[in-house]
Amino acid sequence: MNLTELNDFMLLEREKCPWATTQTIFDLIKELNGEILELTEELIKTPKNNEDIAEELADVFSDTLLLLHIAERDKAILSIQDIVQKAMDKKMRRKGWLLEGKQLTREEASNYWYTAKELEKKSSK
């Protein structure tokens, strides 16, 4: 299964699963927080058990995708494509140097990110 197939499956879940059809954004955030907690616990408990960690990461990923689908359903102004575009735009503003072939130190990269974030805050006011 690839990402497109998983996305299509999650859309089907949002539309057809009796549990998912009744979930709100806040319900899914609570669910996602629980999965993140389980992932954290697994990383602490058995940091070298890659199979169990992968299972928990899969839960976090699929719940995040379902959250996007629920947000798309409940907040008609959003679409998953809009969210993907916003994420890419933000990454390009904050880490565009990666595609420019520049080599930055950790400190330079951090400064670049913080400067971009501050500019975003100023322009949103």
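Two aromatic rings of Phe, Tyr or Trp (its six-membered ring) form a pair if their centres lie within 6.5 Å. The exercises below concern a predicted model.

**Exercise 1. Aromatic pairing**

Determine how many aromatic pairs the structure holds, and classify the geometry of what is found.

*Solution.* Step 1: applying the criterion to the rings gives 1 aromatic pair in the structure. Step 2: the partners are Trp-113 and Tyr-114, whose ring centres are 4.9 Å apart. Step 3: the ring planes of Trp-113 and Tyr-114 stand at 85 degrees, and planes over 60 degrees apart count as edge-to-face. The pair is therefore edge-to-face. Step 4: Trp-113 has a relative accessibility of 23%, so this residue counts as partly exposed.

**Exercise 2. Helices α5 and α6**

Describe the packing of α5 (residues 80-95) and α6 (residues 106-123) by axis distance and angle, and state which residues make the contact.

*Solution.* Step 1: two packed helices are described by the angle between their axes and the distance between the axes. Step 2: the axes of α5 and α6 come within 7 Å and cross at roughly 125 degrees. Step 3: an angle from 65 to 115 degrees would count as roughly perpendicular and one over 145 as roughly antiparallel; α5 and α6 are therefore oblique to each other. Step 4: α5 contributes Lys-90, Arg-93, Arg-94 and Lys-95, while α6 contributes Tyr-112, Trp-113, Ala-116, Lys-117 and Glu-120. Step 5: sorted by class, the contact of α5 with α6 has 6 charged and 3 nonpolar residues, and no polar ones.

**Exercise 3. Two partners of helix α4**

*Solution.* Step 3: on the α1 side the contact includes Leu-3, Leu-6 and Met-10, and on the α4 side it includes Phe-61, Leu-65 and Ile-70. Step 4: the residues in the contact of α1 with α4 comprise 8 nonpolar, 3 polar and 4 charged.

Step 1: Step 7: α3 passes α4 in a left-handed crossing. Step 8: the contact of α3 with α4 divides into 14 nonpolar, 1 polar and 9 charged residues.

**Exercise 4. Glu-42 and its surroundings**

Decide whether Glu-42 is buried or exposed, and list the residues touched by Glu-42, not counting those up to four places away in sequence.

*Solution.* Step 1: Glu-42 is found in helix α3 (residues 25-45). Step 2: the relative accessible area of Glu-42 is 8%, so Glu-42 is buried. Step 3: with residues up to four places away in sequence not counted, Glu-42 touches Pro-47, Asn-49, Asp-52, Ile-53 and Glu-56. Step 4: Ala-54 is found in helix α4 and lies 12 residues from Glu-42 in sequence, at a C-alpha to C-alpha distance of 9.9 Å. Step 5: Ala-54 has a relative accessible area of 39% and is partly exposed.

**Exercise 5. Gln-81**

*Solution.* Step 1: Gln-81 has its place in helix α5.

Methods: Residues numbered from 1 in each chain as written. Predicted model: local features only at pLDDT ≥ 70, side-chain atom pairs only at ≥ 80, totals over all residues. Heavy atoms only, no water. Contact = heavy atoms within 4.5 Å. Helix = DSSP H or I, 4+ residues; strand = E, 2+ residues; numbered from the N terminus. Nonpolar A, V, L, I, M, F, W, Y, C, P; charged D, E, K, R; others polar. Axes fitted to C-alpha atoms, helices over the stretch in contact; angles between N-to-C directions. Parallel < 35°, antiparallel > 145°, perpendicular 65-115°, else oblique. Phe/Tyr/Trp six-rings, centres within 6.5 Å; stacked < 30°, edge-to-face > 60°. Buried < 20%, exposed > 50% of the residue type's maximum accessible area, 1.4 Å probe, protein only. Left-handed = near helix turned anticlockwise from the far one by under 90°.
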